[in-house]
Structures are given as C-alpha cells and as structure tokens.
Amino acid sequence: MLTPTTTGDLAVHILEQQAAAFLEHAPGAHAGEDPMHVHQMRVATRRMRAALRLFADVLPAEAGTLNDELKWIAGQLGAARDLDVQVRRLRETAAELGLSDALVPYGAWLEEQRQRAQAEFVSALETLRFAQLVQQLHQLTDWSINPLFDAPLFDDAPRRLRRTYRQLGKRARRIDDHAPATELHKVRIRAKRLRYAAEFFEVAYGKPAQRLAELLVTLQDRLGDLQDGVVSGQRIHQAVHTEAGAWPAETSLALGRVVQRDVQHANQIRKEFPWLYRSVRDEGWRRLRRSLE
C-alpha cells in the first residue's frame, strides 16, 4: 500500500499486516512441528494488541472486542511458548553446568508439561471462538476510522511516542540493584510497548525510530532473560513439590545449582540495567526526540 498519511491509516495498516502474519503461522502452530510458529503467532498477537492500545482513540468500537479475543488467544499461546522456552533453556543451562545427565528426570517432566500445553493450545485453535477471531481479522479491511480523532501522521505521532516513553521512564526510574523481579518485568512490558511504537512509526521517522527500537530490543532481551529465570524457578518448585520423591538425589542437587545460577544471572542483569536504560534514554530517545520537534 501507499505510505500512510494519517494515524488511522497507519493503525489499520499495522493491524492488517500483523493479522496476516498471525494467520500465516496458525497452520504450522497447529501442527506443532516447529515451535517458531507459536512464537511468531504470539509476536503478531502482541503487536496487534500494542497497536490497539496505542491507536485506541482512532479505531472503531470493534477494536475492543478484537482486543478481548486477542487477549484470550495470547493466554493460550503464552502457556505453550513459555514451555518451549523452558525446555530449550534447560538444555542449554544443563550443558553449561555439566548437569545434562542429572537433569534428565526434570527435563522429561518439563517436556510432558510442554506437550500438555501444546495439546490445550491446539484444542483452542479448533474452537468456534478461534474461528470467530479469524473472521474478525479478515474484517479489518472494513473498519472505519474515527474522523474526530484521526490526524495527519506527523502532527499526531509525537504525542503518542512521548506518552509511551514517559510510561517507560516512570517505571525505569524506580529500579535499583535490589529491585524485585516483578518491577523489572513491568519495565520490560513498557519497554516492549515503546519498542513497538517506535517500529510502527519508522515509516515517519526512519533511522532514529529504528535505532531506538534496536536499543529497546537489547534492554527487553536482557530483562526477558531475567524473567525466564523467574519462571524456571517457579517450574522447578512445582516439579520438586510434586515429583522429586521419585527422582534420584543428584537431580534435586542439580536443580539447586540451576536455581543458584539463575539468581546470580539475575543479579548481573540488575547491575547492567542502569547502563542499558541510559542507552535507550540518551542514545535512542534523545535522537528521536529531535526528529519530533
């Protein structure tokens, strides 16, 4: 399509683009042969929900219903994808620590959980509710933009980007070396929203928006590593509580080392956070901000 000239045109273009990606990967996700299909469906879902949030005032009433349904399928995707990540992560951590043999029982338990989540996800894809969601996505081309709030792209983009950046900054300024993982996770969510906003507006601001998005990816990925460690600890606690009695002692000892390694890794990420955020603020945001003026 032609380069969008208004906020409404851009919003619908993004939604149509991400809906196409979502639908493209649905068959592969249903087949379950390659975890990347689930990942790509999840990414498309997140981008659509980010666009629905960022552009809510210019979108029609149907946007609220679509967001509710995307939130539902996001829950199904999240359960399956998180276990894909945990299975891969365990394999890498076990090799790093030289504990691959000792962790076989836990790995088998984790794989069983993954298969169960995949089966539940496939069942969700076969429901009438999912079929109706697909229909909603096909109807995006029929959406009408709210003319009361639509505006030329270059007039409207700055306030949307500034608002999203302020939301990140408000959370990021609270973080210190002792910040709980829950607070860092909230920062990650807001970093992701700003990243998506920057990517959405690359069409208007080019390289400054692209550079901000790249720096946010680095911050987001490091905070994602920390959150994966938190989830790993929760899974290990669940497994030990329900299964460890049937496992050899060496497996429990090995799991303790995995948890210890994750705690050390999380502390390292906390120490890196000020530098990571300053890069976003000083190198990324300030450069883009000049383009907004």
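I began with R171, which is buried, with a relative accessible area of 16%; buried here means under 20% relative accessible area, exposed over 50%, and partly exposed in between, with a 1.4 Å probe and protein chains only. Before going further I noted that this is a predicted model, in which local features need pLDDT of at least 70 and side-chain atom pairs count only at pLDDT 80 or more, whereas totals for chains, interfaces and linings use all residues. I also noted that residues are numbered from 1 along each chain as its sequence is written, and that side-chain values use heavy atoms, with hydrogens and water left out.

**Entry: R171**

I located R171 in helix α6, helices being DSSP runs of H or I with at least four residues and strands runs of E with at least two, numbered from the N terminus. I then listed its contacts, a contact meaning heavy atoms within 4.5 Å: leaving aside neighbours within four places in sequence, R171 touches E183, K186, V187 and R190.

**Entry: the whole chain**

I stepped back to the fold and counted 10 helices and 0 strands in the protein chain, so the pattern read along the sequence is α-α-α-α-α-α-α-α-α-α, by the DSSP assignment. The radius of gyration is 21 Å, which agrees with the value near 19 Å that a compact globule of 293 residues would have; the radius is taken over C-alpha atoms, and the globule rule is 2.2 Å times the number of residues to the power 0.38. Along its principal axes the C-alpha trace spans about 65 × 45 × 25 Å.

I recorded that 49% of the 293 residues are buried, and that, among contacts between residues at least 6 apart in sequence, 82% join residues at least 24 apart. The chain exposes about 14700 Å², with carbon and sulfur atoms supplying 50% of it; these areas come from the Shrake-Rupley method with a 1.4 Å probe, and for residues only the protein chains shown count as cover.

For the charges, I noted that the mean positions of the 42 positive and 38 negative ones are 8 Å apart. Lys and Arg count as positive and Asp and Glu as negative, while His and the chain ends are not counted; each charge is placed at NZ of Lys, CZ of Arg, CG of Asp or CD of Glu.

**Entry: helix α2 and V38**

I turned to helix α2, residues 35-54, whose 20 residues reach 29 Å from first C-alpha to last, close to the 28 Å expected at 1.5 Å a residue; the expected span is 1.5 Å times one less than the number of residues. Its buried residues include V38, M41, R42, R47 and M48, and the buried residues of α2 pack against α1, α3, α4, α5, α6 and α7.

Is V38 buried or exposed? V38 is buried, with a relative accessible area of 2%. Not counting residues up to four places away in sequence, V38 touches A29, L77, A80, R81, D84, Q118 and F121. I checked F22 as well, which is 16 residues from V38 in sequence and 9.4 Å away in space, C-alpha to C-alpha.

**Entry: two contacts of V38**

I followed D84 into helix α3, where D84 counts as buried at 8% relative accessibility. Apart from its neighbours within four places in sequence, D84 is in contact with P35, V38 and R114.

I then followed Q118 into helix α4, where Q118 counts as buried at 12% relative accessibility. With neighbours within four places again left aside, its contacts are A29, H30, G32, V38 and A80.

**Entry: helix α4**
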